[in-house]
Amino acid sequence: MQPTAPPGPQTAPPVSPALLDRAGLQALLDALAARGFDVVGPTLSDGAIVYDRIARIEALPVGWTDRQDAGRYRLQRRADAALFGYAVGPQSWKRFLHPPEELLWRARRQADGFTTAPAPPPPAPFAFIGVRACELHAIAIQDRVFLGGAHQDPGYAARRQGAFLVALNCGTAAGTCFCASMGTGPRAETGFDLVLTELIDANRHDFLVVPGSDAGAALLAALPTRPAEPEAVAAAEAVVAHTAASMGRQLDTVGLKELLQANPEHPRWDEVAARCLACANCTMVCPTCFCTSVADHTDLAGIEAERVKRWDSCFTADFSYIHGGSVRASGKSRYRQWMTHKLAHWIDQFGTSGCVGCGRCIAWCPVGIDITAEAAAIRATPGKGPHGNA
Ligand code: SF4
Ligand code: SF4
């Protein structure tokens with residue numbers, strides 16, 4: 001999969017890998033804060049690993065990992081004090097770059113007309129800590145959606161502008177991960193400013209760090225690093241290789257677009273619709289889903305009005321409502337729309353798959369519907385004609 005390159009410098013000067021220890025990682029957080037970044041990273045909250053503002057490395061999920069399967073997510077203690085020893089939680093960076101709710105405008109009635117509220121000041125640029133390879137691809141996909149066409153989203157552009165991405169090569173794969181199938185991980189290859197690999201064993205706890213942009217190289221030069229010995233570089237390679245070999249799931253993508261587009265009436269759509277609650281969880285947790293709707297509010301006195309944009313989902317009946325009813329009235333049509341858009345039509349529309357293999361939709365589906373299993377089921381009994389089983 002070749003995602004659209006996000007804005008900003010993508011080529012880094014050739015720099016030898018360096019090592020940061022835990023104090024050095026704190027120095028990285030301090031340096032980003034001192035440069036005015038709004039630093040966001042993984043933290044523990046309500047039994048899950050979620051992204052929030054952080055200032056200290058102690059706020060990271062020290063010594064925790066996650067166990068994930070279809071419809072299941074549990075935190076578990078690790079035997080060590082790894083800072084990034086988990087896969088991905090329910091949230092993605094979408095929450096910050098494309099937030100669940102955004103005020104578009106607010107107006108106030110005056111005696112001779114109305115005034116609009118002044119535009120809010122531009123936000124401080126984000127610095128994201130611990131961005132996984134699949135998430136880099138998801139950000140690149142949303143860059144393509146929001147910035148790559150004729151009509152750019154100014155709110156997204158403002159939040160994305162100047163963001164500093166500290167990526168992390170994954171050291172653990174969840175039972176729901178399949179980035180290796182999608183060509184999106186577990187190694188972070190592009191779209192970051194710095195990339196870390198956590199090295200932890202009985203003798204060391206370090207982070208191998210490599211810059212991915214000029215901004216990353218400049219920041220790295222200001223940190224207390226030491227040269228990485230060949231053993232550290234080899235250990236980092238082994239971390240990624242081990243993670244790639246321990247993916248919890250697989251998805252055969254060969255001919256998948258054509259397979260799904262040829263099978264709009266496959267009986268599996270009825271079968272999955274019988275289980276699907278149309279709750280929209282899968283679209284909320286998906287790092288690439290981008291659909292929204294707008295809502296207008298006025299106060300009871302008719303003095304103030306505002307328009308907000310909110311995440312919406314192809315699983316709601318309202319989302320496809322036009323005069324007279326919903327275009328996608330059945331659960332079957334909504335699940336089919338979501339999955340075929342992700343894995344097939346997205347390629348026609350944006351040039352890449354809409355799925356990066358993060359596995360969130362599998363873990364957070366309350367009935368454990370698994371996109372990899374659904375695709376495999378259709379592949380196992382494909383239709384024969386141009387319209388599949390129609
Ligand atoms: S469809 Fe599922 S596995 Fe794919 S990117 Fe979205 S949440 Fe992740
Ligand atoms: S597939 Fe699962 S998460 Fe998605 S709408 Fe259906 S029940 Fe909800």
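Two strands count as paired if DSSP finds at least two bridges between them, and helices (H or I, at least four residues) and strands (E, at least two) are DSSP runs numbered from the N terminus. What you have open is a predicted model, in which local features need pLDDT of at least 70, side-chain atom pairs count only at pLDDT 80 or more, and totals for chains, interfaces and linings use all residues. Residues are numbered from 1 along each chain as its sequence is written, chains are lettered from A and ligands numbered from 1 in the order in which they are written, and side-chain values use heavy atoms, with hydrogens and water left out.

**First stop: the eight-stranded sheet**

Select the open sheet of eight strands, whose order is S3-S2-S8-S9-S10-S11-S1-S12 and whose pairing is mixed. Strand S3 (48-53) and strand S12 (226-227) stand at its edges with a single partner strand each, so one side of each has no neighbour in the sheet. Now select strand S10 (residues 194-200) and strand S11 (residues 205-211), which pair in the antiparallel sense over seven bridges; along this pair, Leu-199 stands opposite Asp-206 in S11.

Contact here means heavy atoms within 4.5 Å.

**Second stop: the four-stranded sheet**

Move to the open sheet of four strands, ordered S7-S6-S14-S13, where the pairing is antiparallel. At the edges are strand S7 (113-116) and strand S13 (292-298), each with a single partner strand, so one side of each is left without a neighbour in the sheet. From one strand to the next, the twist averages 20 degrees.

Zoom in on S13 and strand S14 (residues 304-311), which pair in the antiparallel sense over seven bridges. Here Val-294 stands opposite Lys-309 in S14, and the bridge partner of Ala-295 in S14 is Val-308. Five residues lie between the strands of this hairpin, in which Gly-302 takes a positive phi near 70 degrees.

Among the residues that make the contact are Trp-269 of H9 and Tyr-335 of H11.

Which residues surround ligand 1? They are Phe-178, Cys-286, Pro-287, Trp-338, Lys-342, Cys-355, Val-356, Gly-357, Cys-358, Gly-359, Arg-360 and Cys-361. The elements that give two or more residues to this shell are helix H11 (331-350) and helix H12 (360-363).

Finally, select Glu-135 and Arg-360, whose side chains meet in a salt bridge (2.5 Å, N to O), that is, a side-chain nitrogen of Lys or Arg within 4 Å of a carboxyl oxygen of Asp or Glu. Glu-135 lies in helix H3 (residues 133-147) and Arg-360 in helix H12, so the pair ties together parts that are 225 residues apart in sequence.

How values were computed
A residue is near a molecule or strand if one of its heavy atoms lies within 4 Å of it. Axes are lines fitted to C-alpha atoms, for helices over the stretch in contact, and angles run from 0 to 180 degrees between N-to-C directions.
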